[in-house]
Amino acid sequence: MLLSIPDVLSLDDVRNVRTLLDQGVWRDGRATAGGQAIHAKQNEQLRTDSDAAQAAQEQVLQALQRSALFFSAALPNRIFPPQFNRYSGDTNTYGDHVDGAVMHTARTGDKVRSDVSCTLFLTDPADYEGGELVIQDTYGTQRVKLPAGHMVLYPSTSVHRVEPVTLGARVSCFFWVQSMVRSDEQRRLLFDMDMNLLRLRQQGENPMTVGLTGTYHNLLRMWAEV
Ligand code: NI
């Protein structure tokens, strides 16, 4: 399932995060790339060992906590600490690749299985050219370029790339989620059910909404690993 989530960050939040990122230290993105990705990856990535970078990470994590849509779609068990990248000048693209299956955090060495990949856009699309996130999967090829503060979420099993940025700079946040529900198909069923239940409940609770909400939770209970 590929899903866009609008307004994860307000424009004020985006400005705050961008100010923090400007205080951080950027380095060649290949420093954190694995075997296959190292040939494809030509961007810059923020070092996350500064106070400013950690404040930016915290701001993104807090925004995720507030997003009911993110919770429903990703059913997060563990979230990899948000990372930040920049595409501009000579380091402006990331060719086709699949994200590694298990991510290790730099600070603690904790492992997070990548079930869901997320990109939170932090640049107004009018400020750069190119830089589309192109995601290929069974649902076809999707080209994603969202307003600042909006996020796309997609299965980590997908081949994807970032097209060259030919003008300006594209700054984004990205991270992975280990979901309580490992299967994309099961997550999608739960998400569809949750969204429809939400609409149904707006007409008032009744024995059917109570029963169906029970079914949702019983499916989640059957499939979730926590
Ligand atoms: Ni990737």
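Analyst: Buried means under 20% relative accessible area, exposed means over 50%, and partly exposed lies in between (1.4 Å probe, protein chains only). This is a predicted model: local features need pLDDT of at least 70, side-chain atom pairs count only at pLDDT 80 or more, and totals for chains, interfaces and linings use all residues. Residues are numbered from 1 along each chain as its sequence is written, and side-chain values use heavy atoms, with hydrogens and water left out.

User: Which residues of α1 are buried, and which are exposed?

Analyst: Helices (H or I, at least four residues) and strands (E, at least two) are DSSP runs, numbered from the N terminus. In α1, the buried residues are D13, V14, V17, L20 and L21. They span an arc of only 125° around the axis, so they sit on the same side of α1. That arc is taken from the directions from the helix axis to the C-beta atoms. L11, R15 and D22 are exposed on the other side of α1.

User: What covers the buried residues of α1?

Analyst: Look for contact, meaning heavy atoms within 4.5 Å. The cover includes β2 (26–28), β4 (44–46), α3 (51–66), β6 (83–87) and β17 (170–179).

User: Now strands. Which strands does β6 pair with?

Analyst: Two strands pair if DSSP finds at least two bridges between them. β4 and β6 run antiparallel, joined by two bridges. There, E44 has R86 as its bridge partner. β6 and β17 also run antiparallel, with five bridges. Four of the five residues of β6 are buried.

User: How many residues of strand β14 are buried?

Analyst: Five of the five residues of β14 (residues 151–155) are buried, so the strand is largely enclosed by the rest of the structure. Strand β1 (residues 3–5) pairs with β14 in the antiparallel sense over three bridges, and I5 partners M151. Strand β10 (residues 116–121) pairs with β14 in the antiparallel sense over five bridges. In that pairing, S117 partners Y154.

User: Last, the metal. Which residues coordinate the nickel ion?

Analyst: Donors are N, O and S atoms within 2.8 Å of the metal (3.2 Å for Na, K and Ca); water is not among the atoms, so sites may look incomplete. The nickel ion is coordinated by H97 (NE2), D99 (OD) and H160 (NE2), at 2.1 Å. Along the chain, the donors follow the spacing H-x1-D-x60-H. Both H97 and D99 are buried.
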